[in-house]
Amino acid sequence: MIDFHCHLDLYANPLLTMHGSEETGTGVLSVTTTPSAWHGTSRLSRDSNMIRTAIGLHPQLARARKSELEIFDRCLEETRFVGEVGLDGSPEYLEFWNDQLHVFEHILASCGEAGGKILSVHSRRAVTPVLDYLGKHSASVPILHWFSGSKSELRRAIELGCWFSVGPGMLAGAKGRALVGAMPHERVLLETDGPFVHIKGNPAQPWDVRAVSARIADVWGIDAAEASQQVDANEKILLGG
Ligand code: MN
């Protein structure tokens with residue numbers, strides 16, 4: 001099983017999380033929030049074949065870090081994975097909405113040119129504009145992380161070919177569970193969003209995706225083994241293995 005959205009570099013002790021992932025056989029998509037963090041973060045796990053590092057520029061940092069798009073473009077050929085990228089329509093980030101659009105559009109254009117990229121996408125309070133941009137740049141494979149849009153936005157995302165990484169945050173509320181219930185099973189992946197998301201007071205760890213899978217099984221009304229087989233098959237299809 002793979003945690004498709006984890007901020008490995010932001011744990012108090014990333015090595016502990018890395019070793020735990022290896023011991024439990026949990027794959028990790030280690031997302032970054034700034035292009036300048038990519039090299040150091042990917043070096044952390046250079047000896048691990050369970051961990052892949054994505055290069056990202058978080059929408060909440062679009063104004064502060066837009067100058068790092070150059071670094072993004074330079075490093076992009078070194079990885080197949082991009083994230084965390086996207087848009088955030090929360091009031092506190094609307095002040096630099098134009099910077100967010102500029103950064104996201106640049107990243108999608110660069111990924112389109114490169115081809116074959118898999119993106120972990122943030123869309124809080126911005127699902128419709130995120131989908132508009134993804135629709136214009138269809139060369140990449142988007143995984144919508146922690147999807148929190150409406151049912152009609154979900155339908156549109158499905159039509160656009162989006163995947164969904166579902167974590168403890170989504171499953172905590174009735175609205176999130178209803179969205180998970182409406183997702184096509186063959187497009188669902190797992191995530192923790194650790195260390196930001198906590199489970200019983202502690203930062204979520206990549207191996208907590210097993211519990212996530214079991215809770216998804218409950219929402220879908222199938223048994224846990226069936227859900228985990230589905231997720232394993234989805235991961236293989238996405239990664240082409
Ligand atoms: Mn995140």
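Student: Quick one to start: is Phe164 buried or exposed?
Tutor: Phe164 is buried, with a relative accessible area of 0%. Keep in mind that this is a predicted model.

Student: Okay. Which residue does Phe164 form an aromatic pair with?
Tutor: That would be Phe147. The two rings sit 5.8 Å centre to centre with 85 degrees between their planes, which makes the pair edge-to-face.

Student: And where in the chain do Phe147 and Phe164 sit?
Tutor: Phe147 is in the loop between strand S6 (141-145) and helix H8 (151-159), while Phe164 is in strand S7 (residues 163-166). They are 17 residues apart, and the pair links distant parts of the chain.

Student: What about Phe147, buried or exposed?
Tutor: Phe147 is buried, at a relative accessible area of 1%.

Student: How many aromatic pairs does the structure hold?
Tutor: There are 3 aromatic pairs. One of them is Tyr93 with Phe96: the ring centres are 6.2 Å apart and the planes are at 70 degrees, so this pair is edge-to-face. Both Tyr93 and Phe96 are buried.

Student: Switching to the metal. Which protein donors does the manganese ion have?
Tutor: His5 and His7, each through NE2, plus Glu84 through OE and Asp193 through OD. These donors lie 2.2 to 2.4 Å from the manganese ion.

Student: What spacing do the donors follow along the chain?
Tutor: The pattern is H-x1-H-x76-E-x108-D.

Student: Are His5 and Glu84 buried or exposed?
Tutor: Buried, in both cases.

Student: Cysteines next. How many disulfides are there?
Tutor: The count is 0 disulfides. For Cys75, the nearest cysteine sulfur belongs to Cys111, and that is 13 Å away. Cys111 is in no disulfide either, with the sulfur of Cys75 as its nearest.

Student: Now charges. How many salt bridges does the structure hold?
Tutor: It holds 6 salt bridges. Among them is Lys66 with Asp99, at 3.0 Å from N to O.

Student: Where are Lys66 and Asp99?
Tutor: Lys66 is in the loop between helix H3 (62-65) and helix H4 (69-75), and Asp99 is in helix H6 (residues 97-114). That puts them 33 residues apart.

Student: How accessible are Lys66 and Asp99?
Tutor: Lys66 is partly exposed at 34% relative accessibility, whereas Asp99 counts as buried at 15%.

Student: Which residue does Glu105 form a salt bridge with?
Tutor: With Lys136, where the closest N and O atoms are 4.0 Å apart. Glu105 is in helix H6 and Lys136 is in helix H7 (residues 127-136), so to speak of sequence, they are 31 residues apart. Glu105 is partly exposed at 30%, and Lys136 is exposed at 57%.

Student: Which ring does the charged end of Lys136 sit over?
Tutor: The ring of Tyr133, at 4.5 Å from the ring centre.

Student: And Arg156, which residue does it meet in a salt bridge?
Tutor: Asp132, at 2.6 Å from N to O. Arg156 lies in helix H8 and Asp132 in helix H7, so the bridge ties together parts that are 24 residues apart in sequence.

Student: How exposed are Arg156 and Asp132?
Tutor: Arg156 counts as partly exposed at 30% relative accessibility, and Asp132 is partly exposed as well, at 36%.

Student: Last one: where is Ser213, and what does Ser213 touch?
Tutor: Ser213 is in helix H11 (residues 209-220). Leaving aside residues up to four places away in sequence, Ser213 touches Met1, Leu190, Ala227 and Ser228. Ser213 is also buried, with a relative accessible area of 2%.

How values were computed
Residues numbered from 1 in each chain as written. Predicted model: local features only at pLDDT ≥ 70, side-chain atom pairs only at ≥ 80, totals over all residues. Heavy atoms only, no water. Disulfide = S-S within 2.5 Å. Phe/Tyr/Trp six-rings, centres within 6.5 Å; stacked < 30°, edge-to-face > 60°. Buried < 20%, exposed > 50% of the residue type's maximum accessible area, 1.4 Å probe, protein only. Helix = DSSP H or I, 4+ residues; strand = E, 2+ residues; numbered from the N terminus. Lys NZ or Arg CZ within 6 Å of the ring centre and 35° of its normal. Donors = N, O, S within 2.8 Å, 3.2 Å for Na, K, Ca; no water. Salt bridge = Lys/Arg side-chain N within 4 Å of Asp/Glu carboxyl O. Contact = heavy atoms within 4.5 Å.
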